[in-house]
Amino acid sequence: MNPFWRWAVGIVAFLFVAAFAGLSYMAGSPKDAYGMVRYALPHMHRGTLKVGSDAPDARLVALDGTSHFHIRERTGARPLVLLFGSFT
Amino acid sequence: MGDVVQIYEDYKDHADFLTVYVREAHPTDEWQMKSNLKDDVCYAQPKTLQQRVMIANDFTKRFKFPLPFGIDDMSNAANDAYAAWPERIYIIDESGRIAYRGGMGPFNYKPAEAREWLAARYGAVKHEAPKSPPAAAPAATATTGATAPAPTVSPSPAPAASAK
């Protein structure tokens, strides 16, 4: 391997380790950094909706697990505050 | 979450609310959080709708969560349409358009912004418990409205000090 490639590989490896160390610090621990990269970032999206966009509809399941309703059934008469989340 | 319930209580006469349960953020088989271990909120990522329904019911029962509730099905249609995961807030106005678009959670999940939108329309709701004196008393004692919380605590250390 010539010196150029040795340096190139060394610098890339250093940047990778530095990025992981930085992310670990931000996230709290190396395990959290891994979790963020592996499980969080692929699912986080900015989305294309803007203020003024038509609100998309989706069919939801009620807490009873069997009946359904649509988000757009709940809009019209009054503003609808729509909150997304999970337990954990 | 307490913020959200408070906003609901303050503005439910003016606006409708809907909570949508989407895929878990920190399940045991993915990126689990220590805080969830401590609070005993330990679930694997649901693989079936039944599992999602079960967790959603655990959540609403545990916190007696008063907001209307819906569950995103396994196609994740609502999540995809609204780029919702892990948590996010929107307000849809009467014409069916997005009136407020909250940022991506967790860092840009800001219920206070949704409250501001509602307050701009329907007026701010003031609360009894003042936020201003930070050092005076912890929030728990402030909300009970006890006029003199200090004396109830002092009797035990006072005799001990005087005895020596």
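I started at A:L60, which stands opposite A:F69 in strand 2 of chain A. The two belong to an antiparallel pairing of strand 1 (residues 59-61) and strand 2 of chain A, joined over three bridges. For my own reference, helices (H or I, at least four residues) and strands (E, at least two) are DSSP runs numbered from the N terminus, and strands pair if DSSP finds at least two bridges between them.

A note on the source: this is a predicted model, in which local features need pLDDT of at least 70 and side-chain atom pairs count only at pLDDT 80 or more, while totals for chains, interfaces and linings use all residues. Residues are numbered from 1 along each chain as its sequence is written, and chains are lettered from A and ligands numbered from 1 in the order in which they are written.

**Entry 1**

Seven strands form an open sheet of mixed pairing, in the order 2(A)-1(A)-2(B)-1(B)-3(A)-3(B)-4(B). Strand 2 (68-70) of chain A and strand 4 of chain B stand at the edges with a single partner strand each, so one side of each has no neighbour in the sheet. From one strand to the next the twist averages 35 degrees. Helix 3 of chain B packs on this sheet, touching strand 1 of chain A as well as strand 1 and strand 2 of chain B, and its direction makes about 150 degrees with that of strand 2 of chain B. Axes here are lines fitted to C-alpha atoms, for helices over the stretch in contact, and angles run from 0 to 180 degrees between N-to-C directions.

**Entry 1: strand 3 of chain A and its neighbours**

I then looked at where the chains meet within the sheet. Strand 3 (residues 80-85) of chain A pairs with strand 1 of chain B in the parallel sense over six bridges; there, A:F84 has B:V20 as its bridge partner. With strand 3 of chain B, strand 3 of chain A pairs in the antiparallel sense over five bridges, and A:V81 is bridged to B:I91.

Is strand 3 of chain B buried or exposed? Five of its five residues are buried, so the strand is largely enclosed by the rest of the structure. B:R88, B:Y90 and B:I92 point one way, and B:I89 and B:I91 the other. (Buried means 20 or more other C-beta atoms within 10 Å of the residue's own, exposed 12 or fewer, partly exposed in between, with C-beta atoms placed from the backbone.)

Strand 3 of chain B also runs antiparallel to strand 4 of chain B, joined by three bridges, with B:R101 as the partner of B:Y90. In their hairpin, which has five residues between the strands, B:G96 takes a positive phi near 85 degrees.

**Entry 2: the core**

The largest nonpolar core has 38 residues, and A:V81, A:L82, B:V20 and B:A78 have the most contacts inside it. Its largest share, five residues, comes from strand 3 of chain A. Such a core is a set of buried Ala, Val, Leu, Ile, Met, Phe, Trp, Tyr and Cys residues joined through C-beta atoms within 7 Å. Leaving out residues up to four places away in sequence, A:V81 touches B:A15, B:F17, B:I91 and B:A114.

**Entry 3: loops of chain B**

Finally, I checked the backbone. The peptide bond from B:W85 to B:P86 is cis, with omega near -5 degrees, and B:P86 lies in the loop between helix 4 and strand 3. From B:G105 to B:P106 the bond is also cis, with omega near -5 degrees; B:P106 sits in the loop between strand 4 and helix 5. B:D40 is not a glycine, yet has a positive phi of about 60 degrees. B:D40 counts as exposed because it has 7 C-beta neighbours inside 10 Å.

Key. Two residues are in contact if their C-beta atoms, placed from the backbone, lie within 7 Å.
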